[in-house]
Amino acid sequence: MTEKTFQSPKKRGQIAVFLSGRGSNFLAIHDAVIRGDINADISLVFSNRKEAPGLLHAKKRRLKTLYLNPKEFKSKEDYDEEICKQLKKRDIDLICLAGYMKILTPGFCNEFENRIINIHPALLPSFPGLHVQKKAIDWGVRYSGATVHFVTASVDMGPIILQAVVPVLQDDTEESLSNRILKQEHKIYPESVKLYFEGKLLIKGRKVFILP
Ligand code: GRF
């Protein structure tokens, strides 16, 4: 059987950022957009939490924001369908999950196949899920890091775009390790988005090749 392939588009893209919290990765991506490092605009910042600090940052930066209350929808599927409609209206090319604390439905993931990416604060496939900095410390690993990956219906398991490694020190707390990892997140997430719109990401099966 031949492997499925996909090459990211070389174009000026429209990005939607999804977040639920503080939004430091969103800010890192937006800063890179402002610097002209990324050939795209952030056309929408979406949240499932009205009070997300990241949403406030987006408003201050005069970006379009959207909040949808999950409680006003009958099911997760209905919720994601509404988001999908909103994205289609805006011709979104790429969704960047940046601390979005809701699992996307398989239907949504399939609708936007190869067009959703996420950042995870560990070296996948080690430590998927939540509280992974603490899990890395508790396990006693010497190194952890961050992973940017494509999002598929299998949570935290999609093809890996970039990773950064940091040491885990003996006296690390969850906070100190999280901060060390976060610094790397702010580098590899904008870099991944940049590569995406340079048309340099080629997915073959579950591997991502970075084209010269
Ligand atoms: C980051 O640690 C990211 O890896 C994880 O959620 C956190 C979001 O942080 N997915 P921020 O909201 O971008 O500051």
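This is a predicted model: local features need pLDDT of at least 70, side-chain atom pairs count only at pLDDT 80 or more; totals for chains, interfaces and linings use all residues.
Local features are taken at pLDDT of at least 70 and side-chain atom pairs at pLDDT 80 or more, while totals for chains, interfaces and linings use all residues. Residues are numbered from 1 along each chain as its sequence is written, and side-chain values use heavy atoms, without hydrogens and water.

The shell around the ligand consists of Arg-22, Gly-23, Ser-24, Asn-25, Gly-99, Ile-119, His-120, Pro-121 and Glu-185 (residues with a heavy atom within 4 Å of the ligand). A polar side-chain atom of Arg-22 is 2.5 Å from a ligand oxygen atom. A polar backbone atom of Gly-23 lies 2.8 Å from an oxygen atom of the ligand, and an N or O atom in the side chain of Glu-185 is also 2.8 Å from a ligand oxygen atom. On its own the ligand has 370 Å² of accessible area (Shrake-Rupley method, 1.4 Å probe), of which the protein covers 85%.

The ligand sits in the largest pocket (more than half of its atoms lie within 2 Å of the pocket's grid points). A pocket is an open set of points on a 1 Å grid over the protein atoms alone, where a 1.4 Å probe fits, with protein on both sides within 12 Å along at least five of seven lines; lining residues have an atom within 4 Å of a point.

Methods: A polar contact is a pair of N or O atoms within 3.5 Å; within protein, one must be able to donate a hydrogen and the other to accept it, and residues adjacent in sequence count only if both atoms are side-chain atoms.
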